[in-house]
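Welcome! Please take a moment with the sequence and the structure shown here before reading on.

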Amino acid sequence: MSPPVDAEPVRVVAFGSCRKQQFKQPIWAAVERLRPDLFAWLGDYVYCSKRIKHLTELESCYASAAASEGGLRSAARVIEGVWDDHDY
C-alpha cells in the first residue's frame, strides 16, 4: 500500500521488542526525545500468562502495554510489524 500523497516523509525510525508491560518503562522518555516519525514493534509487544482462559485477560495485557507508552502514539505512527509468540 502506498502512503497518501500528502503524507510527511519518514526520516526517523525507532523500533523495539520484548516489552514486559508489568515492569517500569523508563525507555519511553528516550524514545520520545528521538521524535521518531515511525515506531515499529518487532515482536513480543506484550507478555501475558501462557494460560489465558478469557479474551479479557489478553485485552488487559494490551491495555496495560499501551498505557506504558506515554505519548508515543500521538507523536509517531506505530506499527506492530512482527507478531511473536507472546502477542496472541
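This report walks through the overall build, the sheet, the salt bridges and a few single residues.

**A first look**

This is a predicted model, in which local features need pLDDT of at least 70 and side-chain atom pairs count only at pLDDT 80 or more, while totals for chains, interfaces and linings use all residues. Residues are numbered from 1 along each chain as its sequence is written, and side-chain values use heavy atoms, with hydrogens and water left out.

The average pLDDT of the protein is 82, and 85% of the residues score at least 70; pLDDT is the predictor's confidence in each residue, from 0 to 100. The secondary structure consists of three helices and three strands. Here helices (H or I, at least four residues) and strands (E, at least two) are DSSP runs, numbered from the N terminus. Starting at the N terminus, the elements follow the order β-α-β-α-α-β. Among these elements, strand 1 has the highest mean pLDDT (93), and helix 2 (residues 55–67) has the lowest (84).

How much of the protein is buried? Of its 88 residues, 32% are buried. Buried means under 20% relative accessible area, exposed means over 50%, and partly exposed lies in between (1.4 Å probe, protein chains only).

The three strands make an open sheet in the order 1-2-3, with parallel pairing. Two strands pair if DSSP finds at least two bridges between them. Strand 1 (13–16) and strand 3 (77–80) are the edge strands, each pairing on one side only. On average, neighbouring strands of this sheet are turned by 20° against each other, direction ignored. For such angles, axes are lines fitted to C-alpha atoms, for helices over the stretch in contact, and angles run from 0 to 180 degrees between N-to-C directions.

Strand 1 and strand 2 (residues 38–41) run parallel and are joined by four bridges. Val-13, a residue of strand 1, stands opposite Leu-38 in strand 2. Val-13 counts as partly exposed because its relative accessible area is 47%. Val-13 also belongs to a nonpolar surface patch together with Val-10, Phe-15, Leu-42 and Val-82, and the accessible area of this patch is about 440 Å². Patches are made of residues with over 30% relative accessible area and no salt bridge, where like charges are joined within 9 Å and nonpolar side chains (Val, Leu, Ile, Met, Phe, Trp, Tyr) within 5 Å. Accessible areas come from the Shrake-Rupley method with a 1.4 Å probe, and for residues only the protein chains shown count as cover.

**Charged partners**

Side chains of opposite charge can pair when their charged atoms come close. A salt bridge is a side-chain nitrogen of Lys or Arg within 4 Å of a carboxyl oxygen of Asp or Glu. How many salt bridges does the structure hold? There are three, and the table gives each pair.

| Pair | N to O distance |
|---|---|
| Glu-69 and Arg-19 | 3.3 Å |
| Arg-73 and Glu-69 | 2.8 Å |
| Glu-80 and Arg-73 | 2.8 Å |

Through shared partners, these salt bridges join Arg-19, Glu-69, Arg-73 and Glu-80 into one network.

Are Glu-69 and Arg-19 buried or exposed? Both Glu-69 and Arg-19 are buried, and for Glu-69 the relative accessible area is 1%. Arg-73 is partly exposed, with a relative accessible area of 38%, and Glu-80 is also partly exposed, at 29% relative accessibility.

**Residues in the loops**

Pro-26 lies in the loop between strand 1 and helix 1 (27–34). With a relative accessible area of 67%, Pro-26 is exposed. Pro-26 and Glu-69 are 43 residues apart in sequence, and 9.5 Å separates them in space, C-alpha to C-alpha.

Cys-18 is found in the loop between strand 1 and helix 1. Although Cys-18 is not a glycine, it has a positive phi of about 60°. Cys-18 is partly exposed, with a relative accessible area of 42%.

Arg-35 belongs to the loop between helix 1 and strand 2. Arg-35 is not a glycine either, yet it has a positive phi of about 50°. Its 67% relative accessibility is why Arg-35 counts as exposed.
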